[in-house]
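This report looks at one helix pair, then at a sheet, and lastly at the chain as a whole.

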Amino acid sequence: MQQDTIMTDQTLDPQIHIRQLGENARTAARQLLQATTEQKNTALTEAAKALREATPRLLEANARDVEGVRGKKPDSFIDRLMLDEDRVNGMADALDQIAALDDPVGRSLATFDRPNGLKIERVAVPIGVIGMIYESRPNVGADASALCLKSGNAVILRGGSESRNSTREIVACMQAGLKAAGLPEHAVQTVQTTSREAVAELLRAVDYVDLVIPRGGRGLVELVRDQAKVPTLLHLDGNCHTYLHADADIGKSVEVVRNAKLRRTGVCGATESIVVDRAIADIAIPRILDAMPDCEFRGDAASVAIDDRIKPASEEDFDTEFLDSIASVKVTDGLDEAIGFVAEHSSGHTDAIMTEDDEAASAFLTAIDSAVVMHNASTQFSDGGEFGMGAEIGIATGKMHARGPVGLEQLTSFKYLVKGNGQTRP
């Protein structure tokens with residue numbers, strides 16, 4: 001009960017609190033530099049075991065979180081927040097999968113010899129201390145902690161206030177794993193106040209934090225982008241498109257679009273905009289609507305004329321990440337117009353083309369400058385776990401350092417090791 005009080009205690013001074021977390025994390029990060037792969041893997045498997053054993057407590061804590069927002073937040077938000085036994089097992093499985101992956105730390109990235117006899121090697125090293133700011137999904141805390149741990153980084157979590165009880169239980173399990181492996185428990189910490197000023201302090205903690213990663217809606221990401229003094233790795237919203245080319249297999253496309261939109265509407269890889277070539281629109285659009293009776297469609301004049309179940313769209317609809325059972329529909333004349341439309345409205349997260357024409361697919365894959373571009377597959381595969389990374393800490397939509405799903409390798413930097421035999425510089 002004391003920990004519950006701490007989590008919501010607004011009497012904590014944010015500046016002092018973040019400084020203490022930062023000092024603890026910096027010390028832990030130095031210790032992790034010497035951690036063995038076996039220790040890190042033990043910490044992860046023991047944390048996975050602790051999560052499974054803590055399932056009743058975690059579900060009880062999560063039920064309190066859900067009850068706190070029921071009636072105040074949309075169903076899509078509650079879906080992201082809510083845990084069940086399968087989702088808890090999924091978190092634990094992800095930890096085991098990350099433990100089974102190769103250790104990214106210490107990889108030799110390049111070696112070269114100089115004429116003077118110096119031998120130089122570039123090796124992968126941890127970034128240091130990661131600040132992870134996220135919203136409602138409790139599993140993000142587990143994924144981020146596991147990825148940071150395996151890549152040798154300490155992490156300070158700041159989950160959404162709505163998930164504070166769930167986050168507390170998850171962090172306790174991660175710390176139990178660290179303790180079992182003889183690693184510093186402060187390698188995984190959580191901000192213990194819901195004060196917004198604590199977020200601002202974390203973004204300014206340049207003496208302690210090496211990188212901040214926000215994961216959530218555009219409002220959160222823009223807040224971090226605009227206020228951070230610490231370097232950031234940004235993930236803007238997922239306004240993802242699926243384009244049905246003239247040579248698309250319509251049956252296959254309907255199944256893929258339904259999955260891409262409705263499998264989970266609240267994830268960033270969900271398709272929000274369906275682009276259909278005019279050559280197949282009369283057939284494809286009604287079949288898509290028939291397959292998705294519970295989805296609301298907002299389309300351009302051409303799509304509305306084809307099927308009156310589609311409501312007229314506003315210009316804003318084509319730039320919106322709905323995160324709900326809503327999709328925009330656009331009819332285009334040919335591949336070039338479709339590429340232009342997607343390029344104009346995409347957030348740069350994930351876009352897909354459905355076609356049996358390999359040349360058209362190649363043109364789309366080349367021309368669309370998003371972090372992930374797909375051919376004949378659901379955009380919901382845009383996920384670190386599906387990419388074989390075990391999990392992801394987010395999907396970066398920028399172009400520096402890391403792009404797309406951010407896994408273990410993307411959470412490392414590098415340093416140069418130089419070995420000589422008494423050389424001096426003239």
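In this predicted model, the axes of helix α11 (residues 250–262) and helix α12 (residues 278–291) come within 10 Å of one another and cross at roughly 40°. The crossing in which α11 passes α12 is right-handed. The residues that make the contact are set out by helix below.

| Helix | Residues | Contact residues |
|---|---|---|
| α11 | 250–262 | I250, G251, V254, V257 and R258 |
| α12 | 278–291 | I280, I283, A284, R287, I288 and A291 |

Sorted by class, the contact of α11 with α12 comprises eight nonpolar residues, one polar residue and two charged residues.

Strands of a sheet pair through backbone hydrogen bonds, either parallel or antiparallel. Here seven strands form an open sheet with parallel pairing, in the order β10-β9-β11-β8-β7-β12-β13, and its edge strands, β10 (311–312) and β13 (372–375), each pair on one side only. The partner of β13 is strand β12 (residues 350–354), and these two pair in the parallel sense over four bridges, with D351 standing opposite V373 in β13.

At the level of the whole chain, there are 15 helices and 16 strands. The radius of gyration is 23 Å, close to the 22 Å given by the globule rule for 426 residues, so the chain is as compact as a globular protein of that length. Taken along the principal axes, the C-alpha atoms fill a box of roughly 70 × 65 × 35 Å.

Notes. Residues numbered from 1 in each chain as written. Predicted model: local features only at pLDDT ≥ 70, side-chain atom pairs only at ≥ 80, totals over all residues. Heavy atoms only, no water. Pairing = 2+ DSSP bridges. Axes fitted to C-alpha atoms, helices over the stretch in contact; angles between N-to-C directions. Left-handed = near helix turned anticlockwise from the far one by under 90°. Contact = heavy atoms within 4.5 Å. Nonpolar A, V, L, I, M, F, W, Y, C, P; charged D, E, K, R; others polar. Rg over C-alpha atoms; globule rule 2.2 N^0.38 Å.
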